[in-house]
Amino acid sequence: MGIKIDGLLCTACMACELACGYHRDDAFALLSSCIVPYRGREKKNYLGVMLKEEDSLVAARPEGIEINRIGEEQDPDKEADASAKPMLLRESCDLCEDLDDGPLCIRVCPVDAISVE
Amino acid sequence: MEYLASDKIAIVDLGSGDITEEELDEDLVLEKIGGVGITQSLYDRFEGEDPIVLGSGLLTGSLVPGSALSVMTAKSPLTGKVSHVPVVLDAGIEFKYSGFDYMVIKGTAQKPVYLWVHDGIVDINDADEVWGKDVWAATDYIREFMGDDLIQVLGIGKAGESGSPLATTCINYWQGGDRLGFGTLFGQKMLKLIGLRGMGLLEIAEPEDFVEDCLALVSTIKSGPLKGKKGIAQMAVTLGGEDIEDWISPLIHRHMACFNTPIPTNSFVFLDEDPALLEESKVNEPGMLLTDIHPLITLKKMGLSAKDACQVLKECAKYGIDAAAVAELSEKAGTTALEDMVKSFPELKGPVDSAGTSIFSPWAMVGNQDRDTWERRQAVSYILGIHPLFALMTSELTEAKLLDLASLGTELELTQETLDEVVAEVSGKS
Amino acid sequence: MDIYERFKTLNSRLIRGENIPFSEGIKGLSHPSGTNRDKPLAYPAIAIYAGQGASHSWLWFVDLFDRMGLYDLCFLTDTTLKENGLRGIDVLAMSGGDTFAIAEGLGKSGAREIERFIRSGGLYMGSCAGAYLPLNSSKPFLNLFNYVPAKITNLTRSLPTALRLKEKFCTSYGCSFIFHPVRETVELKTNGFAPFGKPKTLLAPLYGGPPMILSDPAAVLARYTGFTDHTLFLVDRKLAEETVLGTAAVIRKKMGAGHFHLYGPHFEHPRFPTANHLMAAAMYWDLRRGNPPCPRTDALQGDAFLSKKSAKHFIRAVKREISNARIVAAGLEMQPVQWTIGNKVYDPGKIRVFLEAIWSRLGVLEKAPRLCIQPGQDGATMRHTASLTSLVRATKRDSDQGRNTPDLARTLFSELSHSSMLFLDIYFRTQAYHFGGIHEA
């Protein structure tokens, strides 16, 4: 079971990031979230969602999902981009295992861009 | 103030360069709640020093749907009234997490400066490198210099620097909700921009109940009449405004939401790139973000193509001039050519109807709203930190619900009576 | 009350000079054997090595000791260790990093200082690279530290195929290689020997530390017994099992009047309270006897207090720079960049580990009634933290432009370590003063 993200549906509202931060810190904060909408290329309006899982980094781009196994070498010919190696020291997604109703990021997403598979 | 706050007010004197800090007194929150309740009170306190007061709402930056809003309070050079403009997109919450709840900016700098607000520190920095730059170049410079693309920038362009009465404060590269000439005030103070970045943390008094209530609200909103609504054009139609969807939609790349706002009320258009492109564009500046429906409606009425209209808005955003005012004055002058409109920027002057007559920015006056209802809803949104357009669109965010959440989040007893009093006070009806 | 609070309460009594025997002070472990049960506990003076070759993991020791109320800390570099830095110290904590670089930095005189320290009753707590360092070796520099006759099982002449993390998988060792079969959480079992108490199973993180073989079974405190769902296999699982399972994970070895405690896994890691508990208990067990409560007071004669105004200015200046650097570092975390410094690979995330170590403690200093410093220490800290901002911004700019700049990164990490040491020294002096341990000179 894992989190599935449709990067094209995302509106970059950051609700998932805040909910995940709350799950980690029991307060509202963004620094420890394992799910992060990528907002760094604002003028190009290129945005997606990054998720850190136990052994992989998921980049849910508008054009599709890319999964990078943590520790495996990336394709050297591929142009480096900001979602290639994010937030390695953050804790990985635990699917909010302590919550009966499932991951908070899914429940808080207003456009149903996040689901569980 | 322990919960949902950083517990700090910064008093920045641009004239002397002094920065002092005060705690956010819980009694003040009990009396004025937050947002414009407190910015108005701080404005009154420093009135003789011509302040601009930046502040967040009580629920800003929380999981309450629509909690995107911070506000600026100052005397509008266009209306002459002490007024309030919204700070939306991600800038509102960046301020909330920057370590301050409120910031009073008073006095006038002797030479151009910018403020760098980060993690509970305000720095007044020399603006030599950015003064004279347009809004986009200034944002690029600050982000590159400070080393972070997520820095949010409230800034002015050449309009503000040159004293245009129609200057607006932009958010990063885009026009925000300032239709009241606050950009002119920035320029008068020699304040080029405010850079915001915060990695703070907001404690919640009753976290589990608060979050569960927020999740229930999201669920209700998602399954309600707003389901599937997206973008600036649909937002306008939902609020009873003119339908420009067919006109603008061929240019739309994607719709963008302000922080934690379920309905994306902004739309990004591609002007120099295929709007259907999914991959990252190779073009550096392929388009722009539409945040204000009014200039689009006017420019469409004037017969401009959607692409030309968006080009006008792009140039307005770079120059830091209010696009709604430009559209209105261009229509009056019969100027319809893109180049002529851009050339006219330095000469444009008010008065303009687009500034409205309210103390709240008419940016959120979309469609034929009942004036009293609209004023009330704006006041409540501006006090609690709710996106003013989203607040108009959704009936689920009742005042009672918002007060419940405010009390749960802060452990303070905030009543309808208090809210009524604060609304009356900021609206000048007390 | 969690274990850290319990230790903090214990230490607040010890620092006031209370006489508390081990069996009363250290709860939660049963010690069937050993003569130290009735030994009076002492409040230790601890030195943490943060010099050449040390990675960011020395900050885990900082966190552990801070949480336990052990504030009589100092930080040593290879240079200061050699310059009589271990005088008055009870415990030397040697963290992870690059063993070769540590050995080279310390050299012959450093080895001699460490040996003298232990033989006179000092306790050496080595974790990961700190565990490799005193193991017998024939290689230059490492052979200066031949104190513990243990062998390691992850030494090979023919390198197995790496499944992942190739850059962190192995280190050359003359004609051979030291390889790391697994990383992350592993399962261990204690052997029932003092000071670890009755046998128990626990988890701890392994980041390249040694699987060891020792001829004296009584010196083995814990063995590797299994892997977990969180274990990351860098080689074929069967080879990992053959190399690691059953070998010694923790050993305790006497030398003169003192001891070595060598930990393959990072028992000091902040997310492993059981391992933290055992490590702390073992430390008290082998502390030299009869310590006075404030052993380093004489070493702090030069202390001063910052005036309220200066303290405010100091905290604000440090906060400004750490915030600036932290903001850039958070952005850098999103960049596909890493640097090789010596034999170790550094990710951008590690920048923030140093910065958070300072950032998370600023609030305590803001609230402290007085700040204790050594003369000039405040100015030096402000200068160094300011240079951090410039360095991390320059690193980000280079990274944005696709330039890999290992020299800049090397300078940055060195400066991060230096700034952290300077700041933490002020922090711990201040904490110790207010905790009651160090009195006004």
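This is a predicted model: local features need pLDDT of at least 70, side-chain atom pairs count only at pLDDT 80 or more; totals for chains, interfaces and linings use all residues.

Residues are numbered from 1 along each chain as its sequence is written, chains are lettered from A and ligands numbered from 1 in the order in which they are written, and side-chain values use heavy atoms, with hydrogens and water left out.

Let me turn to the interface. Chain A contributes 39 residues and chain B 52 residues to the contact (heavy atoms within 4.5 Å). The two chains bury about 3,800 Å² between them, 59% of it on carbon and sulfur atoms; buried area is the accessible area (1.4 Å probe) that two parts lose on being put together, summed over both. Of the area that chain A buries against chain B, 24% comes from Phe28(A), Lys43(A) and Lys44(A), more than from any other three residues.

Eight salt bridges are counted between chain A and chain B (a side-chain nitrogen of Lys or Arg within 4 Å of a carboxyl oxygen of Asp or Glu). One of them joins Arg41(A) to Glu280(B), with the closest N and O atoms 2.6 Å apart.

Now the rings. Lys318(B) places its charged end over the ring of Trp136(B), 4.7 Å from the centre, and Arg67(C) lies over the face of Tyr4(C), 3.8 Å from the ring centre. Here NZ of Lys or CZ of Arg must be within 6 Å of the ring centre and within 35 degrees of the ring normal.
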